[in-house]
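Visitor: I've got a model open and I'd like to learn how to read it. Could you walk me through it, one feature at a time?

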Amino acid sequence: MNTLRIAGGQVLRPDATVEDADVLVDRDEGTILDIGADLDADADETLDAAGCLVTPGLVNAHCHVAMTLLRGYADDKPLDAWLREDIWPAEGALTPEDVRAGAELGLVEMIKSGTTGFADMYFHVPEIAAAVEEAGLRARLGHGVVTLGKDDADARADIDESLDVAREFDGAADGRIRTAAMPHSLTTVAEEYLHEFVADAHDEGIPVHYHANETTDEVDPIVDERGERPLSYAKDLGMLTADDFLAHGVHVDDAEIDLLADAGTGVVHCPASNMKLASGMAPVQKLLDAGVTVGLGTDGAASNNDLDMFDEMRDAAMLGKLAAEDASAVAAPDVVRMATAGSAAAVDLPGGALEVGGAADLAVVDLDAPHLTPANDLVSHLAYAARGSDVRHTVCDGRVLMRDREVLTLDEDAVMARAREAVASLRERV
Ligand SMILES: CSC[C@H]1O[C@@H](n2cnc3c(O)ncnc32)[C@H](O)[C@@H]1O
Ligand SMILES: [Zn+2]
């Protein structure tokens with residue numbers, strides 16, 4: 001058996017306690033063999049975790065990873081104008097090679113900030129899957145469908161591509177890649193297509209992921225035209241099952257929260273994107289109190305503007321308190337759980353907890369920094385004070401993706417150079 005030992009650190013356990021322990025990993029199986037004191041000193045490889053906190057790898061449950069190319073491309077606008085005036089025209093000019101370059105850049109950024117799994121909605125998914133295979137993370141990938149502005153043939157071709165991609169790539173990269181069917185939202189995919197698309201996906205056991213209840217501009221027309229709330233419409237369409245997960249859920253009323261809790265549908269909270277686009281404040285504490293599975297996501301780097309899940313935890317806690325008008329709301333252990341076990345459950349990927357037999361997906365956070373001193377409460381530090389740049393080692397599926405801040409699976413400098421070239425060329429074309 002080929003083993004990896006993460007030695008001499010403090011380990012964050014699923015019950016939010018921290019203990020001095022080593023973590024021993026079976027690299028062949030990609031699972032945790034043991035957590036405890038003085039484990040196998042003869043392991044094939046050892047990562048030094050002295051003075052560090054070993055946490056589950058963070059799971060970014062909603063992202064558009066190749067949008068790193070559009071970071072800083074268009075800022076300071078609300079969602080609808082931002083998409084229509086800037087983002088969609090630029091995305092229309094992206095080649096498969098551009099998407100590969102943007103995805104690799106995003107994956108380096110994720111590895112360097114302790115993220116080991118993510119869910120992604122975009123296009124040119126084969127390129128994203130190839131980048132994920134090389135980078136070594138886990139992902140739930142899907143082709144996002146928009147039928148708005150398309151004729152029937154183009155709309156159906158987009159849906160067919162989403163289903164084909166979901167079939168073809170499920171289980172790729174030694175099982176690290178899973179898939180979903182991904183209608184973009186309840187307003188950008190017409191009802192005539194949604195019924196069949198969702199039914200076809202579910203008939204084949206493919207989950208569905210979509211944006212929902214993000215802005216009032218999106219919610220109000222549904223209410224006006226149908227006389228029902230968006231998530232009641234989603235339920236009618238069969239899109240509210242325990243396998244499905246939606247991004248945002250900002251403008252949800254109490255009845256919709258009950259629908260989510262009853263159905264077991266996951267909600268991915270994206271606080272930075274919601275603040276930057278001034279979309280609103282999701283009622284996260286209410287969702288948690290109702291028993292909804294809540295994960296955390298960055299959304300794309302063009303509306304965030306980074307893929308750092310530590311930032312996202314801090315934003316989620318701060319915004320959650322503001323939304324609830326209660327300083328005790330969305331507390332540190334809640335956001336750490338959302339970024340780990342909550343996200344993993346919402347998108348149904350392994351990981352999210354350090355436990356024997358579980359996936360060996362973890363991040364080692366170096367505590368030897370002024371902003372993490374003194375170590376009064378390490379869960380508090382994760383939620384409120386740590387940064388992605390504090391991550392020293394990242395491990396996914398038992399494989400070391402970053403050691404002492406050196407990314408081992410991708411060439412960081414070459415990835416940045418390719419992204420700069422892709423954007424220089426894109427700017428000439430758009
Ligand atoms: C059709 S692929 C996915 C599509 O989603 C766009 N997008 C990025 N961020 C958001 C957001 O916050 N709400 C809705 N849509 C978003 C992205 O640019 C792609 O076009
Ligand atoms: Zn999104």
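Guide: Let's start with strands: two strands pair if DSSP finds at least two bridges between them. Keep in mind that this is a predicted model.

Visitor: Which strand does E6 join, and how many bridges are there?

Guide: E6 is joined to E7 by four bridges, and the two run parallel. Within that pairing, Asn60 sits opposite Phe118 of E7.

Visitor: What should I know about side chains along a strand?

Guide: As a rule, side chains in a regular strand alternate between the two faces of the sheet. As for E6, which covers residues 58-63, six of its six residues are buried.

Visitor: Now the ligand. Which residues are closest to ligand 1?

Guide: Ile87, Met121, Gly144, His211 and Gly300 are the closest, out of 17 residues that surround ligand 1. Helix H1 (79-91) and strand E7 (115-122) each bring at least two residues to that shell. H1 has the largest share, with four residues.

Visitor: How do I decide whether a residue is buried or exposed?

Guide: Count the other C-beta atoms within 10 Å: 20 or more makes a residue buried, 12 or fewer makes it exposed, and anything in between is partly exposed. Pro271 counts as buried because 30 other C-beta atoms lie within 10 Å. Setting aside residues up to four places away in sequence, Pro271 touches Glu312, Asp315, Ala316 and Leu319.

Visitor: And Tyr193: buried, exposed or partly exposed?

Guide: Partly exposed, because Tyr193 has 18 other C-beta atoms within 10 Å. You'll find Tyr193 in helix H5 (residues 191-203). Beyond its neighbours within four places in sequence, Tyr193 contacts Thr147, Ala155 and Ile159. Tyr193 and Asp152 are 41 residues apart along the chain, with 9.4 Å between their C-alpha atoms.

Visitor: What about nonpolar residues in general?

Guide: In soluble globular proteins, nonpolar side chains tend to be buried together. Here the largest nonpolar core has 145 residues, and Val54, Ile128 and Met313 touch the most other members. Helix H12 (residues 332-347) gives the most to this core, namely nine residues. The core also takes at least three residues from each of domain 1 and domain 2.

Visitor: Which residues does Met313 touch?

Guide: Leaving out residues up to four places away in sequence, Met313 touches Leu296, Val335, Val336, Ala339, Leu382 and Ala383. Leu382 and Ala383 are also among the buried residues of helix H13 (residues 378-385), along with Leu378 and His381. Their cover includes strands E1, E2 and E5 as well as helices H11 and H12.

Visitor: You mentioned domains. Where are their bounds?

Guide: The domain assignment gives domain 1 as 3-57 + 352-407 and domain 2 as 59-347. Their C-alpha centres are 28 Å apart. Across the boundary, 25 residues of domain 1 contact 27 residues of domain 2. On the domain 1 side, the largest share comes from H13, with five residues. That side divides into 16 nonpolar, five polar and four charged residues.

Notes. Residues are numbered from 1 along each chain as its sequence is written. Chains are lettered from A and ligands numbered from 1 in the order in which they are written. This is a predicted model: local features need pLDDT of at least 70, side-chain atom pairs count only at pLDDT 80 or more; totals for chains, interfaces and linings use all residues. A residue is near a molecule or strand if its C-beta atom, placed from the backbone, lies within 6 Å of it. Two residues are in contact if their C-beta atoms, placed from the backbone, lie within 7 Å. A nonpolar core is a set of buried Ala, Val, Leu, Ile, Met, Phe, Trp, Tyr and Cys residues joined through C-beta atoms within 7 Å. Domain bounds come from an automatic or database domain assignment. Ala, Val, Leu, Ile, Met, Phe, Trp, Tyr, Cys and Pro count as nonpolar, Asp, Glu, Lys and Arg as charged, and the others, Gly among them, as polar.
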